[in-house]
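Here is a friendly walk through one model, from its sheet to its aromatic contacts. Please keep the viewer open as you read.

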Amino acid sequence: MPLLGKPAEIFDRDVEWAELARFVADDRPGATLGVVSGRRRQGKTLLLYQLAQASEGFYFGATEATSTESLRRLGEALGAYSGSPGPVHLPDWGAAVDALLALGRERPVTVVLDEFPYLVRAARDLPSIIQHALTPGRPERTGSRARLLLCGSALSFMGGLLAGSAPLRGRAGLELPVQPLDFRAAAAFWQIDDPLLAVRVFSVVGGTPAYRREYVQDDTPAGPDDFDAWIVRTVLNPARPLFREARYLLAEDPDLRDTALYHSVLAAVAEGNANRGGIAGYIGRKATDLQHPLTVLEDAGLLLREPDPLRSGRSSYRITEPLITFYQAVMRPAWTALEQRRGADVWRRSQRRYASAVLGPRFEEIVRQWSLRFAEPELLGGHVAEVSAATLTDPDTRTRHELDLVAVGEPPPGDGPRPLLAIGEVKWGRRLGRADLQRLERIRALLVRRRPGFDAAGARLLLAGGHGFEDDLVDAAAGRADVVLVDPALLYGH
């Protein structure tokens with residue numbers, strides 16, 4: 001069976017479409033299982049619906065309903081798909097799963113159950129029923145070429161579907177996460193050519209496709225001078241769906257029950273409290289009390305814990321969804337005023353807070369992602385395997401050095417130290433100068449002397465500025481292969 005071409009309605013997602021097309025085109029006998037996950041608004045439903053349409057398969061979108069109603073709706077959908085004179089009678093979920101597998105008796109057939117967590121909420125044993133239906137050697141499985149795809153947005157649930165001792169562990173031949181668009185793809189999707197404007201827009205709405213289409217009805221900034229007005233008329237406008245979206249992101253995940261606590265944790269991180277102790281101090285809890293809420297937010301895909309490569313056992317947290325950072329830093333403290341339609345006043349007062357808590361940290365993350373995904377290996381002295389922020393302590397002076405970027409290369413053959421490819425300083429709000437380069441030179445010398453499990457002798461010194469560089473830095477960097485200057489134009493491939 002030839003691979004399906006990607007429909008024109010789907011932007012980007014070439015990798016995801018290719019994986020799905022390969023999965024459903026598998027002509028071997030035997031039913032197979034795939035799991036697709038990702039936060040809401042990322043285009044999973046569009047992907048799977050178009051996949052079912054292109055392959056003449058079956059698509060069923062579940063809703064919040066009782067088990068009986070869901071079985072009735074599924075029977076109606078099966079009847080309509082198969083051309084039956086009426087609904088297919090499904091007395092229970094065992095019969096329902098077998099009816100789905102029966103669709104693939106004659107040929108490979110795509111079978112999509114979208115919003116699968118809704119079905120499991122009403123029928124807790126459904127994963128076990130599917131496990132039994134896919135038992136090796138069972139006639140209903142061996143006689144079918146159904147390509148069953150389970151999709152859901154509750155990341156904590158979907159992440160556990162194939163983990164540990166879960167019933168479906170070992171049954172899936174595809175496990176596909178659908179991530180937000182990266183910063184370059186997001187700029188293309190929003191049709192923004194100006195790199196500075198692209199950074200500003202990404203710092204607020206990130207790479208979630210639905211935020212442009214459904215949530216602001218294709219209202220995009222007309223140019224850099226329109227950005228402030230765009231924020232007021234879209235994100236800070238109570239009449240637009242984007243206004244309450246950050247709150248709904250927490251409310252949608254069934255594992256996020258104590259929303260007040262989770263909002264406080266996210267507010268702490270948005271304020272720059274990146275470690276557990278700082279978060280605990282901000283919300284007035286003991287650090288030991290935070291294990292559960294931090295784990296839940298990680299499982300929900302809203303927080304990411306990043307180990308510090310220069311300090312064993314230490315890690316920091318960052319918010320993955322830009323809109324949540326924007327909400328916690330700008331909107332939540334002024335919620336009453338925003339509901340009273342005083343968005344323009346709130347935005348004027350929030351400029352400094354936006355720059356320090358939202359724009360600056362998101363620009364740092366863009367630079368880190370660029371070094372990992374888009375930077376040429378020759379520029380950074382090798383292929384970057386890991387990148388994060390880090391903290392280095394000088395034991396002689398007892399001073400701490402914050403690094404916005406530490407890029408680590410691939411492990412060498414044998415037991416030698418891993419190459420430290422680059423260390424970096426990233427600033428949005430000011431032009432970087434010669435003093436910033438000298439600081440990185442001192443830190444590199446300290447790393448070479450300490451040898452903290454890395455070979456830092458050839459580390460490049462990366463300086464990324466949102467508004468360019470002073471002449472003294474440009475002159476000092478001229479002719480030096482170990483100094484890399486990064487501006488927004490380079491980040492966006494212009």
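This is a predicted model: local features need pLDDT of at least 70, side-chain atom pairs count only at pLDDT 80 or more; totals for chains, interfaces and linings use all residues.

Residues are numbered from 1 along each chain as its sequence is written, and side-chain values use heavy atoms, with hydrogens and water left out.

Five strands make up an open sheet with parallel pairing, in the order 2-3-4-1-5. The edges belong to strand 2 (58-61) and strand 5 (172-177); each has a single partner strand, so one side of each is left without a neighbour in the sheet. On average, neighbouring strands are turned by 15° against each other, direction ignored. Strands count as paired if DSSP finds at least two bridges between them, and strands (E, at least two residues) and helices (H or I, at least four) are DSSP runs numbered from the N terminus. Strand 1 (residues 32-37) is joined to strand 5 by five bridges, and serine 37 has proline 177 as its bridge partner there.

Angles run from 0 to 180 degrees between N-to-C directions, along axes fitted to C-alpha atoms, for helices over the stretch in contact.

| Helix | Strands it lies across | Angle |
|---|---|---|
| Helix 1 (residues 14-24) | strands 1, 3, 4 and 5 | about 165° to strand 5 |
| Helix 3 (residues 67-82) | strands 2 and 3 | about 155° to strand 2 |

Next comes helix 13 (residues 242-252), whose buried residues include Leu242, Phe243 and Leu249. Buried means under 20% relative accessible area, exposed over 50% and partly exposed in between, with a 1.4 Å probe and protein chains only. Among the elements covering the buried residues of helix 13 are helix 10 (195-205) and helix 14 (259-270).

Now to the rings. The structure holds 17 aromatic pairs. Phenylalanine 227 and tyrosine 354 have ring centres 6.3 Å apart and planes at 35°, so this pair is tilted. Rings of Phe, Tyr and Trp (its six-membered ring) pair if their centres lie within 6.5 Å; planes under 30 degrees apart count as stacked, over 60 as edge-to-face and the rest as tilted. Phenylalanine 227 lies in helix 12 and tyrosine 354 in helix 20 (residues 351-373), so the pair ties together parts that are 127 residues apart in sequence. Phenylalanine 326 and tyrosine 354 form an edge-to-face pair, at 6.2 Å centre to centre and 75° between the planes.

Note on methods: Contact means heavy atoms within 4.5 Å.
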